[in-house]
Amino acid sequence: MSVEFNFKIPAETEVIFDEGALKFLENLHNKFDGKIKEVLDQRIHRQKNFNDGEFPKFLSETKEVRESDWKVRDIPEDILDRRVEITGPVDRKMIINALNSDVKVFMADFEDSLSPTWENVARGQLNLYDAVRKTITFENPDNGKKYKLNDDTAVLMCRVRGLHLIEKGLKVNEQNPYGCLCDFGLYLFHNAKELINNGTGPYFYIPKLQSHYEARLWNEIINYSEDYLNLPRGTVRVTCLIETLPAVFEMDEILFELKDHIVGLNCGRWDYIFSYIKTFQNFPDKLLPDRYQVGMSQPFLNAYSRLLIKTCHKRGAFAMGGMAAFIPSKDPEENQVVSEKVMADKLLETDNGHDGTWIAHPGLSDIANNVFSNAFEAGNTNQLHVLREDDEITEEDLISPCEGDFTEACFRSNIRVSLRYIESWLRGVGCVPIYGLMEDAATAEISRSSLWQWVKHKVEMDTGVEANPKTFEKILDEEYNVVQEEVGQATLDSGKFVEARSILKDLVLSDELTDFLTLPAYRRI
């Protein structure tokens, strides 16, 4: 066998890396490594076209797919009600608490909320292996508190890494395989039949798609895997995140390519905002204002939500709403503000016609459950009947930037958020509470890409200060000192803030917008 490990396999995870699983990974790598490289090359070529002035648009060559009648495969019974889903990393305690939450689905995340250290990836697979078999337990070493699964738990879904990320913990034929193949292959190999025996199935979230060609590739990966493991066609079911601007123009095509496996699309709003900045990085007339003003009520984001619903429901697929990243506060007044913001966000989603939504904290489940339960008609567990047939969404609706303020306060906040998140990620923690929000790679990407965009185009902020390389470096020094005061000198010394500062400086001052902050950061862990 041509699989070798670059690091020691963590204790107790040997069961994950048995001979059969490694052989399956080897086959996945050999068959699909070259094809993944091809679609990644297509991304580079397409971004060059955007940089040269081409705008994303509905494709003329796939007009027939958009205009013809077809449906996706029927949705499995156990996921016909997805009104509230909680997401989080594949940490052992997190998995137990999330599965026990008052939600319908827990999405265990190998992507944006996980720092993919080899230890985290390997132990994450073991944690899910135990969760599927309902043997997962955890004892807090600090206070001795014990955690175990309830008899009735949420449905488990697994989000794999995006196509662009490699796994440096192992090599196949002297090459690092793509992380998505490792995440997908190991989870499916070990758990598919156990899940089926439990009355559910191997359900996945697929992130970061940019075109229907990438959906076609995923369909090939899934079909090959089902055949290899002797699983009937359609056993693997997926929900795809529409979190890139190019993908919103190809939603019909993405559903069509995956129609034997797909059950829905999700509004991955945070990465979508980041993707908007990335797509239009060369255009000063496409600037986005303060991060906290770019919400789903803004016209271009509301159009994206409505088009996703219209497209999905026409094809019999779910249209899932986006993440509420707020964290409940212990202060009653602050918590009232949080509750009102979450409720307004979820009411907007139900009014548009979404079938369910995401939360990052179980303390928000009551609000989200109540909003969606009240929106559903008697006897319904979704809003598939909301077709929005008279709602015409144009290309211009999807790409017009929103109005708002360009404030120095947000510029400074973006620096602090980026510093604190990157530092945590380098320490192996990919989901971090910062200033009342649960930050992950997607939300942090908005902060650092907004910094880059404002500096690139020399935005004049509300204080009259121009965002340029010189002022960025000056303010970076000042905000680094603020972070030092916030976390304390001991934490600053023991953490990785010097590296985080170096990474952020390079990202913001680069001539071109780096595709993902996790790419340079991954080289440091």
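Where is the place of Asn230 in this chain? Asn230 sits in the loop between helix H6 (212-228) and strand E9 (237-242). Helices (H or I, at least four residues) and strands (E, at least two) are DSSP runs, numbered from the N terminus.

Good morning, colleagues. Before I continue, two remarks on the basis of this talk. This is a predicted model, in which local features need pLDDT of at least 70 and side-chain atom pairs count only at pLDDT 80 or more, while totals for chains, interfaces and linings use all residues. Residues are numbered from 1 along each chain as its sequence is written, and side-chain values use heavy atoms, with hydrogens and water left out.

Let me return to Asn230. Its phi is near 60 degrees, a positive value in a residue other than glycine. With a relative accessibility of 65%, Asn230 counts as exposed. The terms are as follows: buried means under 20% relative accessible area, exposed over 50%, and partly exposed in between, with a 1.4 Å probe and protein chains only.

Asn173 also has a positive phi, of about 55 degrees, although it is not a glycine. Asn173 is found in the loop between strand E7 and helix H5.

I turn now to helix H4. This helix covers residues 118-132, which makes 15 residues. From its first C-alpha to its last, H4 reaches 21 Å, close to the 21 Å expected at 1.5 Å a residue. The expected span is 1.5 Å times one less than the number of residues in the helix.

How many residues of H4 are buried? Twelve of the 15 are, and H4 is thus mostly covered. Among them are Trp118, Val121, Leu126, Tyr129 and Asp130. The cover over the buried residues of H4 includes strand E1 (3-5), helix H3 (92-99), strand E3 (105-109), strand E6 (155-159), strand E7 (170-172) and helix H5 (179-197). Just after H4, Lys134 takes a positive phi of about 60 degrees.

Phe106 is buried, because its relative accessible area is 0%. Leaving aside residues up to four places away in sequence, Phe106 touches, among others, Ile86, Pro89, Met94, Leu99, Val155 and Met157. Contact here means heavy atoms within 4.5 Å. Phe106 and Val84 are 22 residues apart in sequence, and their C-alpha atoms are 9.0 Å apart in space.

Next, the pockets. On a 1 Å grid over the protein atoms alone, a pocket is an open set of points where a 1.4 Å probe fits, with protein on both sides within 12 Å along at least five of seven lines; lining residues have an atom within 4 Å of a point. Grid points are joined across faces, edges and corners, and a volume is the space filled by probe spheres set on the points.

The largest pocket has a volume of about 710 Å³. It is lined by 29 residues, and those closest to its centre are Trp270, Tyr292, Phe326, Lys341 and Leu437. Which element supplies the largest share of this lining? That element is H11, with eight residues. The lining of the largest pocket divides into 19 nonpolar, five polar and five charged residues. In this count, Ala, Val, Leu, Ile, Met, Phe, Trp, Tyr, Cys and Pro are nonpolar, Asp, Glu, Lys and Arg are charged, and the others, Gly among them, are polar.

The second largest pocket holds about 600 Å³ of space. Of its 32 lining residues, Pro89, Val90, Asp91, Arg92 and Met94 lie nearest the centre. The lining of the second largest pocket comprises 13 nonpolar, twelve polar and seven charged residues.

Finally, two further buried residues. Thr350 lies in helix H11. Its relative accessibility is 7%, so Thr350 counts as buried. Thr350 touches Val371, Phe372, Ala375 and Gln383, not counting residues up to four places away in sequence.

Asp81 has its place in the loop between helix H2 (63-67) and strand E2. Asp81 counts as buried because its relative accessibility is 15%. The side chains of Asp81 and Arg83 are joined by a polar contact of 2.7 Å. Such a contact is a pair of N or O atoms within 3.5 Å; within protein, one must be able to donate a hydrogen and the other to accept it, and residues adjacent in sequence count only if both atoms are side-chain atoms.
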